[in-house]
Amino acid sequence: MTGASQRDLSILLSQRGGAVPRYTSYPTAPHFEAGIGPQMQDALFGSLDDATPVSVYLHIPFCDRLCWFCGCNTKHTLKYEPVHTYVEALLAEIAALGDRLGFRPVAGQIHFGGGSPSILSAEDMGRLGAALRRSFHVTEQTEISVEIDPSDVTDDTLRGLHELGVTRASVGVQDFDPLVQKAINRPQSLEQTRDVIAAMRAAGVGSVNIDALYGLPLQTRARLMRTIEQVISLQPDRIALFGYAHVPWVKKHQKMIKDEHLPDMHERFQQALAAGAALVAAGYDAIGIDHFARPDDGLAVAARTGHLRRNFQGYTTDQCRALIPLGASSIGAFDGGYVQNIVATGQYQDAVHAARSTASKGYRMSEDDRIRAHMIERLMCDFRIGFEALEARFGAAAEPYINEALAIAEADEDYICGADIDGFFVPEDARPFARLVAARFDAHLHESDFRYSKAV
Ligand SMILES: C[S@@+](CC[C@H](N)C(=O)[O-])C[C@H]1O[C@@H](n2cnc3c(N)ncnc32)[C@H](O)[C@@H]1O
Ligand code: SF4
C-alpha cells in the first residue's frame, strides 16, 4: 500500500473495515422513500422515447432450494404453481407498460435476475420473451442475460433459453468444497456445473459468467483456491467474486450459519487477495472491486476505455440512461431518480391485476445527489474521479466537489486515497477499500440506521 505498512492495513481492517454500502446505487436503497414510487414511475416512463435504448430488469423471486447464505429477494417453492401465477402478473405488467407508453422503446439490455430465473419453464420463458418483444424493440444487438442455478437446468430450460435468445448466462457456483457446501446448504458438483455450462453454450449462449464467494463458513484459503482453480477450468468469460454478506438480522435463514464458522475480517481480506491474484495469473483482467473478465470480454474492454458502469446487478457494460423495473421488488433508475416495485409478491400481483401502480418506494435525485452519484460510480469503476471530466459534465457546480475531494485526500490517514493535479484516486493496492473511500463522499450515510455488511 502506498506508504502504508501491513500494520496500517490491520488497523484499517479492524477499525474501519466495518459496514458500508456496496454502492450499486447512490443514494442506496435504504434511503428510498415510501409512497413516492408511483410519482417516480410516472417520471421514469415520461422520460422515455422511441429512439433512446433502455435497459430492462425482470425479477423472478423463486427458488426450488434455499441456500442458507442467500441474501437475495426470493421465496422457496417446490411447486411450479406460484411461479406460473407470478409469470401471469409479469406478462400483464409488461403489456400494461406497452399500452401506457404507446411506443416500443429499443431494448439495449434485458436481464432476468432472482431468485432463480432458471426455475422458469420453457413455455413461460417463451411467453415472457414474446411479451417483451411486443412492448420493446428487441434487436440483434440486445443483450439478454439470465441468472442460472445449475441445479435447475433441464432440457426444457435449455430450450427456453434458446427460444428467449439468451446471449449471456450468469451461473451461481459459490464454492465447490463439500464441507463449505454443507455449511451453506448448497450441494453442487463441478461435473454438474461443467455439463450445464457446456449445454448452455451448445444452446447458443455466447457468454458465461460464474459467481463465486469468499468469506463463507468453513472456507479457508486452501479450499477457496481449489474452488478458484476449478472455476478457471470451466473457462468462464467473466467471474464475479463477492464477499459473503452476513446479515442474519435481515435474512433470518442466515442464522443457520454458525458465527464461529465464519472467517474473520483479516482472513476474508487475505482470501479476496489470494483469489483475485489467482484469477489475474490465469489471464483475467481485474474489473472494479469484485469482477474479473477475459481481456477480450466486453466488460474488460469497457473498463479499459472508461465505459464501465455500475448498477444494481454490479458492474455492467450497459450505457442506457434508463433502467425499467419489472416484477416484485425490482428497482429502476433514470436521471430523475429511482423507483422500486412492491416487494411482496402477493401485493405486487394484486396491484398488477387491479391496474394500480406496481411502484412503492422511490427517490427523487437532487443536483447534489447527481454529482455525488457520478463521483461514487467513477470511483467504484475506475478508482479515480477526473476533475476535468467532472467540470465538463457539471460545469461550475463541480468546483465545491473538487474541493471536497481534495480535502478528503488531505485528511486521509489510512493511505487509501489521494489526489494529484488531474483528480482524486484510490491507489492500486488500496482498491479493496474503495467502498470505504466512496462512503466518505456519501452525504446520506448517517441518515439511516440500516446496518450494512462488511466493506471488505
Ligand atoms: C440471484 S443469485 C444467482 C442465481 C442462482 N439463484 C444461484 O444461486 O445460482 C445471485 C448471486 O448473488 C450472490 N449472493 C447471494 N447471496 C449473497 C450474500 N449473502 N452475500 C454475497 N453474495 C451473495 C451469489 O453469488 C449468487 O450467485
Ligand atoms: S443463492 Fe440462488 S438458488 Fe440459492 S436461495 Fe439464493 S437465489 Fe436461490
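A residue is called buried here if its relative accessible area is under 20%, exposed if over 50% and partly exposed in between, with a 1.4 Å probe and protein chains only. The model is predicted, so local features need pLDDT of at least 70 and side-chain atom pairs count only at pLDDT 80 or more, while totals for chains, interfaces and linings use all residues. Residues are numbered from 1 along each chain as its sequence is written, chains are lettered from A and ligands numbered from 1 in the order in which they are written, and side-chain values use heavy atoms, leaving out hydrogens and water.

**Stop 1: the annotated domain**

Select residues 48-285, where UniProt (unreviewed entry) places "domain: Radical SAM core". UniProt positions follow the numbering used here, feature names are shortened, and annotations may be inferred rather than shown by experiment. The end C-alpha atoms of this span lie 35 Å apart, and the span is 39% helix and 23% strand. Helices (H or I, at least four residues) and strands (E, at least two) are DSSP runs numbered from the N terminus.

**Stop 2: one set of binding-site residues**

Next select Phe 69, Cys 70, Gly 71, Gln 174, Arg 186, Asp 211 and Ala 245, which the unreviewed UniProt entry annotates as "binding site".

Centre on Asp 211, in strand 7 (residues 207-214). Asp 211 is buried, with a relative accessible area of 18%. Contact means heavy atoms within 4.5 Å. Beyond its neighbours within four places in sequence, Asp 211 is in contact with Ser 170, Val 171, Gly 172, Val 173, Gln 174, Ala 240 and Phe 242.

Move to Phe 69, in the loop between strand 2 (62-63) and strand 3 (75-76). Phe 69 counts as buried, at 11% relative accessibility. Its contacts, again leaving aside neighbours within four places in sequence, include Gln 174, Arg 186, Leu 213 and Tyr 244.

**Stop 3: ligand 2**

Show ligand 2 with the residues near it (a heavy atom within 4 Å). The shell consists of Cys 63, Arg 65, Cys 67, Phe 69, Cys 70, Gly 115, Ser 116, Asp 149 and Arg 186. Four of these residues are nonpolar, two polar and three charged. Ala, Val, Leu, Ile, Met, Phe, Trp, Tyr, Cys and Pro count as nonpolar, Asp, Glu, Lys and Arg as charged, and the others, Gly among them, as polar.

From this shell, pick Gly 115, in the loop between strand 4 (106-114) and helix 4 (122-135). The peptide bond leading from Gly 114 to Gly 115 is cis, with omega near 15°.

**Stop 4**

Gly 114 is in strand 4 and counts as buried, at 9% relative accessibility. Apart from neighbours within four places in sequence, Gly 114 is in contact with Tyr 57, His 59, Ile 60, Cys 72, Asn 73 and Glu 147.

Ile 331 lies in strand 14 and is buried, with a relative accessible area of 13%. Not counting residues up to four places away in sequence, Ile 331 touches several residues, among them Ala 29, Phe 32, Phe 312 and Val 339. Phe 32 and Phe 312 form one aromatic cluster with Tyr 338.

Ser 329 has a positive phi of about 70° although it is not a glycine.

**Stop 5: aromatic pairs**

Rings of Phe, Tyr and Trp (its six-membered ring) pair if their centres lie within 6.5 Å; planes under 30 degrees apart count as stacked, over 60 as edge-to-face and the rest as tilted. Six aromatic pairs are counted by this rule. Select Phe 269 and Phe 433: the ring centres are 5.4 Å apart and the planes at 25°, so this pair is stacked. Phe 269 lies in helix 9 (residues 265-281) and Phe 433 in the loop between strand 19 (423-425) and helix 15 (434-439), so the pair ties together parts 164 residues apart in sequence. Both Phe 269 and Phe 433 are buried.

Then select Phe 424 and Phe 441, an edge-to-face pair at 5.0 Å centre to centre, with 90° between the planes. Phe 424 counts as buried at 0% relative accessibility, and Phe 441 is buried with a relative accessible area of 1%.
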